[in-house]
Amino acid sequence: MQYNVLVVDDSKLARMVMASAFRRIRPEWTLVETANADEALAAVSTKKIDIALIDFNMPDTDGLELVAKIHKTHPGMPVAVVSANVQDEIIGRARELNAGFIPKPLTDDALAAFLSGAALRLKKVAT
Amino acid sequence: MSPNGIDLTEIEQDALAEIANMGVSRAANSLRQMVGEQVLLSVPSVQIVTRLAASKLVERNDAKRLVAVQQSFEGPFDGRALLIFPEAHSLELVRSIVGNEHSLDDVIDLEQEALAETGNIILNGCLATIANMLHRTMRMSLPSIVRGDGAILFGSDTSAEQFVLFLYIDFNIKKRDVRGFIALLMDLPSIAALKEIVNDYVNSIQKQSPSHVG
Amino acid sequence: MLVKATDFLIGPVFDAVDIGLVLLDSHQCVVGWNEWMARVSHCSAGDALGKNICDVFTDLNSTRLPNVIEDAFQAGSSSILTHSLNRLLPLQGEGGEPLLHNIVVRPVVAASAKYCLLQITDVTLAVSRERLLRERQNARYYAIVDSAPDAIITVDDSRTIRWVNGSIDHVLGYQHSELLEQKIDILLGPENALLPILAETSIHQEIRTSISVAGRYKDGRTGHFEVSIGRWRADQRDFVTTIWRDVTERVVADAALRDTRDALQKVNEELEARVEERTREREIALRQLHESQKMESIGQLTGGVAHDFNNLLAVILGSLGLLKKAVPQDARVARLLDRAIQGAERGATLTARLLAFARRQELKVEFVALQKLIPDMLDFLRHSVGPNVVIYSQILSDVHAIEVDANQLELALINLAINARDAMPQGGSLTIACHNEEDGKKVGLARGAFVCITITDTGEGMNEETLARAQEPFFTTKGIGKGTGLGLSMVQGFTAQSGGAMRLESEVGKGTTVTLWLPRAKENFNVPAADIELSELAKARNLRVLLVDDDILVSMGAADMLLDLGHSVTEAQSGSHALKILESDAPFDVVVTDFAMPGMNGFELAQRIKERNAKLPVILATGYAELPADKSIEFERLSKPYTAKDLATALEKAVSSQVGVI
């Protein structure tokens, strides 16, 4: 199965790190990079996005709010918040929004675990 | 800043900001344990400026009375790290970390210590993250407290540390917003070394993925 | 790898220092544990060495230490953990009390291996010494401060309350904890003098004198406070300490005092105004009294004259009447006689007016329905006022009947109509209206129901001065020969005698309204019998009349009248004379006596006669109304001057009532 994954992060470096790990873990999937919330929402509405990875700490945007917005139009989409901020409150909010949490700095293992889980969910829904 | 050629390229700026953000997030995680509530820290921007410019920048909004937690660092690059607040905010910050059960007297007594530790956590968060990300080891001193205006904080003219890696930081602790700065004072070789290390890092990541959809 | 203190100095020094030293290897296992540490942790080196630090102190994972230690290894960070921000290790001092300590974590490299050194410093002493010092200072300070009757509140430069003394409870109603961290604004009313002062930057340290502040208690009420302010610095921070003295009571008392003073002043003013008013009223009353006294004397004068005149007129009229009958139907003579009679009658009218004014005229009080009387006289009124004046009449159907002399009322109305006409030389309108009034107190009359007759014209009106004098007798603004000046005073006299009042209102250029207040008829007033036509009286029998009058002329006139009516007459000149005649047992059917006689007056005579002979009817003939109104009307009355018809009617009445009795 091939999926399209959206990554939202204002830091080019972070996107590069993400892309790099992505290549290693799921080379057959497609990665769509966006730098802010507006671009992300546009991508979600115009392209077919299956999975989203969202940076928590972006200027003028609360990453978790973006998660909520995406879930309004795409309730079943597996979404993860990516952040160095591993405080209980953040993780708790992510859970409430039915989103995963991947800590920064990104490790291949953490990303792989999430993506596998996401694929599984999507498969279940399809059947 | 062009004359000296110590500009950060876009990608360098990006990288440093990202690293700094991760650094302060890490610090925020630590602080959260103490505070008991969510602590938000972020670094909106990073730039390299002269010491003089930095001393003016920290005095914005007419805040001439400043307090700073200072640590020195050694490693692939050397320098001084400063966490700087307007004095009026520092008590606020300490109070929000310390909690309400302490009286005014106690807080004033505690302020020095608590500020030192808080600063220590934040600066360590940044420095350690930098060290980790860049796969380097460093040595850092214990914190000390300095009070004064921009000129006092950024040191005498005899200091070789001419450049400042200047980071704006935003705090939000217990619904209080505090604005401050982190300044890494380094001499020219250190800045150059830092830049080199950052570039290496960026390149290494780029190398890992021959192409990516941007 | 265990480390032994091989160097002979290092080892003892390691265990001699007065701080705790713990060395950890990269697995966080204890490789060094000094004496001090063993003492305060109650864990010997033997027990600690080789174990992971988290096993030595089981709660360590809930502290920052493990992460900090990790950072030291990985990043080379040095960290400080203070007792004030962290819960650290369970260490105990000499006496078993908890040991307050700070921990410094440092990476150490030795023999190319990474280690982590923990330095544990006892800060209890320092802390408690500081605290003790502070407490000692504070004790004295608190003793003053907490026992102060006033509330003491310290704020920082963001107006946040940082400290309060114990008195805030009884001064402002707040608990200690309720105010800390609040902005001082919650204690202040909307317009207060304190905030601006706090907002001033504190360059100068001057202590201001206290200011008046409108503050707010916890329960929301406003209070007044005297607040003194002092600025101070600690640790390069600015604070402001405020001392609040509640002066609400005083302010309230002041305000109350002011209010009382104002009220007192007002009362004073009112009192003065009232005194003025009373004085004015008194003056008016005095003036009125003076006026009425003046009226009295004038009245007396005119009354006397009028009475005499009346008597003369009676004679003239009587004789003329008889003459007319005796004279053959000579047209010229008849005309002359008529003119003479008219003249005498006019004179009678005049004296009637005078007497009414003098209030000595007797009124024939009867039941009068205005709804009938006024419409009946409208034609006559219209003739009197002429074609240029339009008369309107507005008599409400529910207007009560009144007790008045109908003739006098008519005369009054005629007088007023003529006055109105004279005030409207270019013509105009005259409105006669009647309505009920429930209470005569409005115009100073006795309580009870009245009826008001208002006569309103659209004439020249009177100014204040004229209005004041209008009721004076002989006062007239009409030209010589045009008015006697007696009209209004006559009307006034009539209304007063009827138990009512007259009121004038006028506006120059607009017109005048005269209001007559007349008492409402009582329910059981007798409706007098209708006049008996003279022709019927022709059938009346021959009466033996005893005529008593001190005036020969009048007596002769009356006697002639009686004879002409077919009666027999005996004359007496005084009451005593009459009584003598009656004693002689001469049979009389009726006594006709004048009222006003020297010695015994007619009324006394009548009473004496009644005593002797209740069956003998007495007729009182009088032009004076000196009988008070409340005397019972037991004797038939005859108004002088009277016509033969009047006389005959009176005789008939007197006699037939007697018959009824028998």
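How many bridges join strand E18 (residues 544-548) of chain C to E19(C)? Five bridges join these strands, which run parallel. Strands (E, at least two residues) and helices (H or I, at least four) are DSSP runs, numbered from the N terminus. Two strands pair if DSSP finds at least two bridges between them.

The model is predicted: local features need pLDDT of at least 70, side-chain atom pairs count only at pLDDT 80 or more, and totals for chains, interfaces and linings use all residues. Residues are numbered from 1 along each chain as its sequence is written, while chains are lettered from A and ligands numbered from 1 in the order in which they are written.

The pairing of E18(C) and E19(C) belongs to an open sheet of five strands. Its order is E19-E18-E20-E21-E22 in chain C, and the pairing is parallel. Strand E19 (568-572) and strand E22 (636-639) of chain C stand at the edges. Each has a single partner strand, so one side of each lacks a neighbour in the sheet. From one strand to the next, the twist averages 25°. Axes are lines fitted to C-alpha atoms, for helices over the stretch in contact, and angles run from 0 to 180 degrees between N-to-C directions. Within the sheet, Leu546(C) stands opposite Thr570(C) in E19(C).

Two helices pack on this sheet. Contact between two residues requires C-beta atoms, placed from the backbone, within 7 Å. Helix H18 (residues 575-583) of chain C touches E18, E19 and strand E20 (590-594). Its direction makes about 155° with that of E18(C). Helix H19 (residues 602-612) of chain C touches E18, E20 and strand E21 (618-622). The direction of H19 makes about 180° with that of E21(C).

Chain C also meets chain B. In this interface, 34 residues of chain B are in contact with 26 residues of chain C. On the chain B side, H4(B) gives the most, with 16 residues.

Ile54(A) lies in strand E3 (residues 51-55) of chain A. Ile54(A) is buried because 27 other C-beta atoms lie within 10 Å. The cut-offs are 20 or more for buried and 12 or fewer for exposed, with partly exposed in between; C-beta atoms are placed from the backbone. Residues that Ile54(A) touches include Val8(A), Leu66(A) and Val82(A).

Key: Lists of a residue's contacts leave out its neighbours within four places in sequence.
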